[in-house]
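Subject: Model handover

Hello,

Here is the structure I promised to pass on. Please open it alongside this note.

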Amino acid sequence: MDWMFEAVLKQIHGRRAIETVRSFNIPDVDEAAEVLALMEGEIADVEGIDAIEGAVAFLSALPADRWAVVTSAPRELATVRLMAAGLPLPAVLVTAEDVERGKPAPDCFLLAAQRLGHPIEACLVFEDAPAGIAAAEAAGASIVVITATHSHPLETPHPGVSSYGPLRVTPEGALSF
């Protein structure tokens, strides 16, 4: 079963667990039980969870009402992982439970923009997964690709940075890198 675990890990990044489990089309599988087991394992495993370099300083420079975390993880897993990484919990957190369709559907980013009170076209999405990039594109957001979590370059027309370290926010809220 190690091969299956590795196969799931390769497909789950940026996608909801239920959609990953369904993509395997395994007959007679209890999808809910598989997702629960996967999530329990991920919640219990916070070893080596670290913030991407510069993320804490970058988020601290942003007004609390101007940023959100949009994730395909369930709320409990997202909260555990954010805390394990030492990142602040956002005022707006959109998780797997908040949308009917997960990434690559645009629903999650559209909901975050709505909750922030801004049109999606005025939002900048930082994304590290192909499904998330596709979702942000479909939503109409501008995108910066974070490459720190990949061992190979992602094929994308969007600008990319390896960390949040070089990003700067001016007092007026402008971003430079």
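Below is what turned up, element by element.

First, the ground rules. This is a predicted model, in which local features need pLDDT of at least 70 and side-chain atom pairs count only at pLDDT 80 or more, while totals for chains, interfaces and linings use all residues. Residues are numbered from 1 along each chain as its sequence is written, and side-chain values use heavy atoms, with hydrogens and water left out.

Start with strand E4, residues 142-146. Four of its five residues are buried, so the rest of the structure largely encloses E4. Buried means under 20% relative accessible area, exposed means over 50%, and partly exposed lies in between (1.4 Å probe, protein chains only). Helices (H or I, at least four residues) and strands (E, at least two) are DSSP runs, numbered from the N terminus.

E4 pairs with strand E3 (residues 124-127) in the parallel sense, over four bridges. Pairing here requires at least two DSSP bridges between two strands. Leu124 has Ser142 in E4 as its bridge partner. From E3 the chain passes through helix H7 (residues 130-139) to E4, a right-handed β-α-β crossover. Right-handed means that, with the strands pointing away from the viewer, the path from the first strand over the helix to the second runs clockwise.

E4 also runs parallel to strand E5 (residues 160-161), joined by two bridges. Val145 stands opposite Gly160 in E5.

Lys103

Lys103 sits in the loop between strand E2 (92-94) and helix H6 (107-116). Its relative accessibility is 4%, so Lys103 counts as buried. What does its side chain contact?

Leu167

Leu167 is in the loop between E5 and strand E6 (168-169). Leu167 is buried, at 4% relative accessibility. Its C-alpha atom is 9.4 Å from that of Ala57, 110 residues apart along the chain.

Phe177

Phe177 follows strand E7 (175-176), in the segment after it. With a relative accessible area of 53%, Phe177 is exposed.

Best wishes
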